[in-house]
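Here is a short report for a first look at this structure. Keep the sequence and the 3D view at hand while reading.

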Amino acid sequence: MGSALRAEATSPQTNSRPLRAWQQAALAQYEEQSPKDFLVTATPGAGKTTFALTLASRLLSRREVARVIVVCPTDHLRMQWADAADAMGIVLDPGLTNAVGPVRAGTQGYVTTYAQVAGKPMLHAARATAVKTLVILDEVHHAGDGLSWGEAVEEAYAFAARRLCLTGTPFRTKPDERIPFVRYEEDTFEGDDGEGGVGLVSRADYTYGYKEALADDVVRPVVFAAYTGTSRWRNSAGEVVAASLSEAGTRSVEMQAWRTALDPKGQWVPHVIAAMDDRITHLREDGGMPDAAGLILASDQDDARAYAKIVRRVTGKAPELILSDDPKASKKIERFANGSARIAVCVRMISEGVDVPRAAVLAWMTSYRTPLFFAQAVGRVVRSRSPHESATVFLPAVRPLLALAASMEEERNHVMPPPRSQTDEELEALDLPPREPREGELKQWEALEADARFAHVLHSGTAHTGEGAGAAVVVGEEDEEFLGIPGLLTPAQTAELLAKRDEELRLRIAASHREAADDVMVVEDHPDEDDAGRSWRDAAELRREINKLVNRVAARTAQPQAVVHTQLRQSVPGPPSASASVDVLRARRERLRTML
């Protein structure tokens with residue numbers, strides 16, 4: 001590499017913001033090695049997207065590649081990647097479907113999903129080999145979600161010029177289902193049962209862990225506030241069972257107590273929502289985060305809708321309700337990320353990769369408890385924007401979640417043991433919403449009631465209950481005390497302040513029950529925002545305008561719409577609208593206007 005190119009390669013000016021130290025180091029390593037495959041493991045919130053697009057920009061500017069293809073898990077992330085690329089001067093089309101063959105003119109590539117690649121791998125292979133292409137596999141562990149997805153990714157991109165793999169968390173793979181383009185080595189591991197074995201270890205080319213990110217002020221420190229309570233339910237024999245979340249005994253009883261606590265009809269959920277809302281208020285008023293927001297994770301859509309009603313009843317404001325089957329889900333996520341709403345309720349739409357920097361509070365109201373999902377979800381509230389920010393996670397005081405919370409403060413090991421040969425049915429049941437009984441079948445479980453009590457703050461694997469810490473709280477004003485920024489208050493002091501507010505929240509919840517009906521409607525308080533002005537959004541909007549204008553011209557001239565489309569392409573030559581450039585689409589729009 002010549003001196004001019006080397007100087008350009010190490011320059012951090014491809015983005016409006018200076019690159020972080022880890023991003024510069026990873027880019028320097030890539031430039032030195034110039035590999036075909038490169039795997040980066042960086043903790044959620046560290047800036048993997050910026051790193052990847054900076055690398056893409058440099059490769060495009062040096063003409064080492066002529067196209068960029070990004071593969072990500074969800075449709076919403078397609079738009080997020082396209083927006084981020086657009087800000088860096090790279091036009092990636094997030095709307096290119098498998099029904100359209102060529103990549104649209106005027107773009108430098110496109111963003112797709114693993115599901116789309118699995119649908120037509122040979123089509124994506126043709127696109128990736130038509131010119132020299134950099135393929136970015138975002139959250140590459142999804143290539144191991146099913147054997148067909150892994151095979152499709154390998155078939156589609158085996159002959160691409162460059163491949164960059166990104167992941168934010170450790171991922172599991174079976175020995176016979178290795179993720180394509182990831183390097184593995186054999187290593188020993190210790191299983192959950194204490195017995196060791198030999199498994200496969202994926203080796204990243206560059207790793208940036210939570211510990212390093214915390215030291216660099218790239219992510220926020222997390223305070224885990226655990227809430228216990230007594231759950232009462234009726235089992236299949238008609239017996240009423242009561243158990244504490246934190247002292248449930250067997251795994252089966254723990255599961256039922258957990259599910260009962262999450263039931264919208266009980267008191268545990270509104271109590272924790274009130275605590276969450278209280279925390280958001282203090283972050284906005286005294287914590288230096290005037291736009292602070294919170295996320296509530298639900299197990300299924302029915303619970304999410306019920307939780308949204310509780311948020312409206314307890315806080316007096318409607319949350320953003322984000323459901324996967326809502327066609328406006330992506331727009332709602334973007335609106336919440338850039339708006340001022342306090343709380344969003346969702347199922348899994350914001351669990352992975354979605355960027356909401358102002359979100360600093362998370363309420364864990366789901367039965368999911370896998371390490372991957374936990375790390376990704378907590379990762380949504382740890383992205384730091386300025387020093388002294390902190391994140392708070394409210395969660396049930398159950399053993400599986402407390403163990404995952406404790407592990408967040410340890411150095412994450414990239415080694416993950418292979419899955420057990422025998423499935424632990426009791427543990428797996430915690431990851432699934434309860435199944436409704438079939439007709440004539442006795443109910444195995446029926447929630448009756450659940451209350452909530454502050455249990456402890458988890459810090460460095462130690463539970464701080466707040467008992468006996470009152471004398472240590474030396475901050476004056478109550479609001480300042482509750483701030484609880486790590487470094488200002490000790491974990492024990494933070495626990496003491498949460499405990500002091502617990503009774504206030506209990507009275508607040510009781511009042512909300514007396515004043516509001518259970519069938520309160522969730523009315524969105526957030527108007528739609530204008531999406532125009534971005535390159536790929538312009539193309540999508542132009543296509544919609546053209547279709548409307550074609551309908552009007554067809555109605556006015558009494559011609560079939562297909563005839564109008566044919567005349568339009570004759571007047572303004574070019575590919576079909578689905579793959580036409582923005583300039584061609586604008587010309588066609590103007591032509592249609594002259595026909596009215």
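This is a predicted model: local features need pLDDT of at least 70, side-chain atom pairs count only at pLDDT 80 or more; totals for chains, interfaces and linings use all residues.

## Confidence along the chain

Helix H15 (residues 425-429) has the lowest mean pLDDT among the elements of the protein chain, at 34. Strand E4 (residues 133-137) has the highest, at 97. For the protein chain, the mean pLDDT is 77. Of its residues, 71% reach 70 or more.

Two stretches call for caution. Over residues 411-442, pLDDT stays under 50. The model still has 53 contacts there beyond four places in sequence. Residues 517-534 also have pLDDT below 50. That stretch has 38 contacts in the model beyond near neighbours in sequence.

## The chain as a whole

The protein chain has 596 residues, and buried residues make up 52% of them. It holds 20 helices and 19 strands. Take the contacts with a separation of 6 or more: residues 24 or more positions apart account for 73% of them.

The chain exposes about 26500 Å². Carbon and sulfur atoms supply 50% of that area.

## Helix H2

Helix H2 covers residues 21-33, 13 residues in total. From first C-alpha to last, H2 reaches 18 Å, close to the 18 Å expected at 1.5 Å a residue. Ser 34 follows H2, and its phi is positive, near 45 degrees.

Which residues of H2 are buried? They are Trp 22, Gln 23, Ala 26, Leu 27, Tyr 30 and Glu 31. An α-helix has 3.6 residues a turn, so residues three or four places apart point the same way.

## Aromatic pairs

The structure holds 8 aromatic pairs. One of them joins Trp 22 and Tyr 208, stacked at 5.2 Å centre to centre with 15 degrees between the planes. Trp 22 lies in helix H2 and Tyr 208 in strand E8 (residues 206-208), so the pair ties together parts 186 residues apart in sequence. Trp 22 is buried, with a relative accessible area of 2%. Tyr 208 counts as buried too, at 5%.

Phe 224 and Phe 374 also stack: their ring centres are 6.1 Å apart and their planes lie at 20 degrees. This pair links strand E9 (residues 222-228), which holds Phe 224, with helix H13 (residues 371-378), which holds Phe 374. The two residues are 150 residues apart. Both are buried.

Ring pairs also link Trp 22, Phe 51, Tyr 206 and Tyr 208 into a cluster.

## Arginines over rings

Arg 127 lies over the face of Tyr 110, 5.0 Å from the ring centre. Arg 358 lies over the face of Phe 336, at 4.7 Å from the ring centre.

Conventions:
Residues are numbered from 1 along each chain as its sequence is written. Side-chain values use heavy atoms; hydrogens and water are left out. Helices (H or I, at least four residues) and strands (E, at least two) are DSSP runs, numbered from the N terminus. The expected span of a helix is 1.5 Å times one less than its number of residues. Buried means under 20% relative accessible area, exposed over 50%, partly exposed in between (1.4 Å probe, protein chains only). Contact means heavy atoms within 4.5 Å. Accessible areas come from the Shrake-Rupley method with a 1.4 Å probe; for residues, only the protein chains shown count as cover. pLDDT is the predictor's confidence in each residue, from 0 to 100. Rings of Phe, Tyr and Trp (its six-membered ring) pair if their centres lie within 6.5 Å; planes under 30 degrees apart count as stacked, over 60 as edge-to-face and the rest as tilted. A charge sits over a ring if NZ of Lys or CZ of Arg is within 6 Å of the ring centre and within 35 degrees of the ring normal.
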